[in-house]
Structures are given as C-alpha cells and as structure tokens.
Amino acid sequence: MSRERGRRKLMLRLPDIRHRLVGMTNETLGEMFEAYDLAVDALDRFRNQQPREDRLIAEYEQLCLEIEREIVVYCSDR
C-alpha cells in the first residue's frame, strides 16, 4: 500500500515522467516509492508539529528532493 501511495505522490510531483511511473514496476522502483511515501509523511508530521523542528524539516525536504531526483534518473535510464 505504501508503495502505491508513494507512486501516486511522485506522479503528482513529477508530471513530466508520470506516464513512465504508471507502467514501471520492479522491486527497486517499489522500494523508492515506499521510501518516498514514508519521507513525505514524516515531513508533513514535522511541519505540523509544535514546536517546529526546522532542522528535521530541512533534512526531510532534502531527502524528498533526493528521492525525486533518483526516480527521474532511474526512469531516464530505462
């Protein structure tokens, strides 16, 4: 379930490769989808937490961007 949520979130964030994300399925990509879903959920929690943990927010924003970049590269290589 987390993998599909991650795929959907990435499809919204990366509309240029959305068509590729729909059809691609393998273990590596599935793990990246799951990692992205978990990272985005954690980021949302940190953003809504009081008091705010700006260091964690910045760290997870960077993590999400890195996963997005990995996905783009992975899809470009296929």
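R52 takes part in a salt bridge with D54, in which the closest N and O atoms are 3.6 Å apart; a salt bridge is here a side-chain nitrogen of Lys or Arg within 4 Å of a carboxyl oxygen of Asp or Glu. The structure described is a predicted model, in which local features need pLDDT of at least 70 and side-chain atom pairs count only at pLDDT 80 or more, while totals for chains, interfaces and linings use all residues. Residues are numbered from 1 along each chain as its sequence is written, and side-chain values use heavy atoms, with hydrogens and water left out.

The secondary structure of the chain consists of four helices and zero strands, and the order of the elements from the N terminus on is α-α-α-α. Helices (H or I, at least four residues) and strands (E, at least two) are DSSP runs, numbered from the N terminus. Along the principal axes, the C-alpha atoms of the chain fill a box of roughly 40 × 25 × 20 Å. The chain has 78 residues, of which 36% count as buried. Among the contacts between residues at least 6 apart in sequence, 68% join residues at least 24 apart, a contact being defined by heavy atoms within 4.5 Å. The accessible surface of the chain comes to about 5100 Å², and 51% of this surface belongs to carbon and sulfur atoms; such areas come from the Shrake-Rupley method with a 1.4 Å probe, and for residues only the protein chains shown count as cover.

Charged side chains were considered next. The chain carries 14 positive and 16 negative side chains, and the centres of the two sets lie 4 Å apart. In this count Lys and Arg are positive and Asp and Glu negative, whereas His and the chain ends are not counted, and the place of a charge is taken as NZ of Lys, CZ of Arg, CG of Asp or CD of Glu. The salt bridges number ten in total. One of them is formed by R5 and D37, with the closest N and O atoms 3.0 Å apart. Because R5 lies in helix 1 (residues 2-13) and D37 in helix 3 (residues 27-48), this pair ties together parts that are 32 residues apart in sequence. Within the pair, R5 is partly exposed, with a relative accessible area of 31%, whereas D37 is buried, at 0%. Another salt bridge joins the side chains of K9 and D41, at 2.7 Å from N to O. This pair likewise links distant parts of the chain, as K9 is in helix 1 and D41 in helix 3, 32 residues apart. Both members are partly exposed, K9 at 22% relative accessibility and D41 with a relative accessible area of 26%. Taken together, R5, K9, D37 and D41 are linked in a network of salt bridges.

When neighbours within four places in sequence are left aside, R7 is in contact with L21, V22, M24, T25 and F33.

Aromatic rings were also examined, with rings of Phe, Tyr and Trp (its six-membered ring) taken to pair if their centres lie within 6.5 Å, and with planes under 30 degrees apart counted as stacked, over 60 as edge-to-face and the rest as tilted. A search of the whole structure finds one aromatic pair. It is formed by F46 and Y60 and is edge-to-face, with 5.1 Å from centre to centre and 65 degrees between the planes. Since F46 lies in helix 3 and Y60 in helix 4 (residues 54-76), the pair ties together parts that are 14 residues apart in sequence. F46 is buried, with a relative accessible area of 15%, while Y60 is partly exposed, at 21%. Apart from its neighbours within four places in sequence, F46 is in contact with L56, I57 and Y60. The C-alpha atoms of F46 and N26, which are 20 residues apart along the chain, are separated by 30 Å.

Finally, the loop between helix 3 and helix 4 contains P51. A cis peptide bond, with omega about -5 degrees, joins Q50 and P51.

Technical notes:
Buried means under 20% relative accessible area, exposed over 50%, partly exposed in between (1.4 Å probe, protein chains only).
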